[in-house]
Amino acid sequence: MRLIIPLLLSLGLSNLAFGQNPKKELPAGPLHFTKMKVSSETYESVGVMDVNNDGNPDLVSGAFWYEGPTFIKRHFIGEVKRVQEYWDDFSNIPMDVNGDGKMDYITGGWFDASLIWMENPGNDGPWKKHVIDQTGNIETTRAYDLDGDGTPEIIPNNPNHPLKYYKLEKDAQGKGTGKFTKVEVAKTQGHGFGFGDVNGDKRVDIILNTGWLEGPATANAEWKLHEGFDFGDAGVPILVVDVNKDGLNDLIVGQGHSYGLDWYEQVKDKKGNTTWKKHVIDPYNSQYHTMEWVDIDNDGEYELVTGKRYRAHNGGDPGSNDPAGVYYFKWNGESFTKNIVAYGSGVDGKGAGIYFAIEDLRKSGRKDIVVAGKDGLYIFFNEGSR
């Protein structure tokens with residue numbers, strides 16, 4: 001016994017040895033997911049919203065919405081323009097645009113080059129299409145609360161066109177009016193963008209693929225461009241997070257049409273000048289076109305959820321014929337550990353599309369992953385670790 005107790009103490013197992021609860025739980029293992037095929041449709045975007053106000057989340061993707069909680073019964077929304085392998089539906093952002101208590105959604109595409117909102121009819125009738133603006137070609141669209149008023153602005157990624165956002169106009173009761181105000185931020189933009197506080201001034205900045213725009217102190221002031229990097233064909237969004245928890249926000253960037261997933265550490269010298277140090281996350285997969293930063297395993301820490309956009313340019317991108325996959329990457333204090341949700345060729349793999357959703361679909365307390373793409377619409381139900 002004299003030999004055993006020091007050994008247990010040296011291993012940090014004294015509480016276990018004496019039948020007490022350990023101070024820290026052992027780390028949970030990798031998550032397990034149950035894969036459900038919803039549809040063979042090849043739209044590349046899916047959103048989650050309660051379409052029929054029954055308290056259950058539904059899925060909206062392309063020309064259809066799928067009724068929860070089973071996601072088997074589908075309802076027609078309206079025709080979607082098709083060009084070759086593409087459907088002109090590159091986002092599904094939930095928003096009650098006209099303030100009638102029914103959830104609408106915002107989308108847009110490359111070929112019509114317009115931002116639109118689809119009006120929820122409250123029945124099985126077709127949804128009415130409303131054009132917000134002729135924006136130029138839309139790579140995809142995101143929603144983010146840029147001015148901190150509690151309502152997200154709508155920001156389309158329009159490569160080689162002006163960068164602008166659209167603010168929902170509200171009535172005296174704070175409800176949407178169905179109209180938007182356009183605000184121009186910069187004369188041009190490239191492929192990909194993101195949002196967050198880069199310089200720690202508590203204001204939202206916009207990250208482009210060739211620099212970041214500093215959020216102004218007042219509504220009508222200029223957004224100041226800070227150059228210092230070139231992220232090429234960056235995906236959407238570029239994430240702004242403090243990866244290494246040093247008090248400075250870093251950037252996570254996927255390459256939307258080539259190989260590479262990296263994070264860029266924000267480093268300041270003694271004079272306060274900023275440089276960006278590249279750290280490789282995954283150089284072996286291509287077309288990391290979209291991603292989310294979310295606590296997928298309920299441990300209080302956020303993980304990076306992303307995957308390959310299957311046939312992003314209809315097979316024309318580097319690595320397009322490689323196996324498809326959806327992954328979550330967990331920060332271990334020094335680097336990211338890759339965990340597979342789905343991977344492989346054919347039915348074994350799955351791509352992440354251009355716009356996906358992470359929501360608790362079964363009210364289980366665990367977040368599920370919903371992904372569309374040219375390889376179909378699927379749900380990955382989060383079963384937790386075992």
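**Close-up 1. Aspartate 112 and its lysine partner.** Aspartate 112 is partly exposed at 32% relative accessible area (buried is under 20%, exposed over 50%, partly exposed in between; 1.4 Å probe, protein chains only). Its salt bridge goes to lysine 81, with the closest N and O atoms 3.3 Å apart (a salt bridge is a side-chain nitrogen of Lys or Arg within 4 Å of a carboxyl oxygen of Asp or Glu). The two sit 31 residues apart, aspartate 112 in the loop between β9 and β10 and lysine 81 in the loop between β5 and β6. Lysine 81 is partly exposed too, at 38%.

This is a predicted model, where local features need pLDDT of at least 70 and side-chain atom pairs pLDDT 80 or more, while totals for chains, interfaces and linings use all residues. Residues are numbered from 1 along each chain as its sequence is written, and side-chain values use heavy atoms, leaving out hydrogens and water.

**Close-up 2. Lysine 330 meets glutamate 303.** Their side chains form a salt bridge at 2.7 Å, N to O. Lysine 330 lies in strand β26 and glutamate 303 in strand β25, so the pair ties together parts 27 residues apart in sequence (strands are DSSP E runs of at least two residues, numbered from the N terminus). Glutamate 303 is buried at 0%, but lysine 330 is partly exposed at 23%.

**Close-up 3. Glutamate 153 in strand β13**. Here's a buried one, with 1% relative accessible area. Its side chain reaches the backbone nitrogen of leucine 146 at 2.8 Å.

Conventions
Helices (H or I, at least four residues) and strands (E, at least two) are DSSP runs, numbered from the N terminus. A polar contact is a pair of N or O atoms within 3.5 Å; within protein, one must be able to donate a hydrogen and the other to accept it, and residues adjacent in sequence count only if both atoms are side-chain atoms.
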